[in-house]
Amino acid sequence: MDLALAIFNVGAGLGILAAGAALAYLAWQATPLIRESRALTGDLRRLARTTDTELRPILAHARELTSNVEVLSEDVAVKLDRLTDLMNSLQGSLDTVQITAVPRRSDHPSVESWETREDDSNS
């Protein structure tokens, strides 16, 4: 029984040693990946800061433009309402008023000369 226990202990020790060696090998292989991950994290932080500093003024300008467009569209709506009211009142006036054309007497004399005659003898 001591022999079996000794063989088991040696086998278990070798298994633990192999698992430790495999773990060390995996850690050694993962070192570049960890380094790259840290570098990517730093790059992402820099990108987030840059985006934040550049995006804030753009968003503020977009908000200002949006509010200006909103004010202008309200002004246009008010002016269109006024124009509609004016057109409706003009149409109502045209429907109710009857306009008659009367020839006006001219204050200016005719441009025809009294002395000019048509002469058939020249033909």
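How many residues apart in helix 1 are Tyr25 and Trp28? They lie three residues apart, about one turn of the helix.

The legends below describe a predicted model, in which local features need pLDDT of at least 70, side-chain atom pairs count only at pLDDT 80 or more, and totals for chains, interfaces and linings use all residues. Residues are numbered from 1 along each chain as its sequence is written, and side-chain values use heavy atoms, with hydrogens and water left out.

**View 1. The aromatic pair of Tyr25 and Trp28.** The ring centres of Tyr25 and Trp28 are 6.0 Å apart and the planes stand at 45°, so the pair is tilted; planes under 30 degrees apart would count as stacked and over 60 as edge-to-face, with the rest tilted. Both residues belong to helix 1; helices are DSSP runs of H or I with at least four residues, numbered from the N terminus. Tyr25 is partly exposed at 49% relative accessible area, whereas Trp28 is exposed at 57%. Here buried means under 20% relative accessible area, exposed over 50%, and partly exposed in between, with a 1.4 Å probe and protein chains only.

**View 2. The salt bridge of Asp43 and Arg46.** The structure holds two salt bridges (a side-chain nitrogen of Lys or Arg within 4 Å of a carboxyl oxygen of Asp or Glu). Side chains of opposite charge can pair when their charged atoms come close. In this bridge, the closest N and O atoms are 2.2 Å apart. Asp43 and Arg46 are three residues apart in helix 1 (residues 2-96), so about one helical turn separates them. Asp43 is partly exposed at 36% relative accessibility, and Arg46 is also partly exposed, at 46%.

**View 3. The salt bridge of Asp52 and Arg56.** The N to O distance here is 3.1 Å. Asp52 and Arg56 are four residues apart in helix 1, which again means about one helical turn between them. Asp52 is partly exposed, with 37% relative accessible area, while Arg56 is exposed, with 55%.

**View 4. A nonpolar surface patch that includes Leu83.** Patch residues have over 30% relative accessible area and no salt bridge; nonpolar side chains (Val, Leu, Ile, Met, Phe, Trp, Tyr) are joined within 5 Å, like charges within 9 Å. Leu83 lies in helix 1 and is partly exposed at 46% relative accessibility.

How values were computed
Helix = DSSP H or I, 4+ residues; strand = E, 2+ residues; numbered from the N terminus. Areas by Shrake-Rupley, 256 points an atom, 1.4 Å probe, with all protein chains shown as cover. Phe/Tyr/Trp six-rings, centres within 6.5 Å; stacked < 30°, edge-to-face > 60°.
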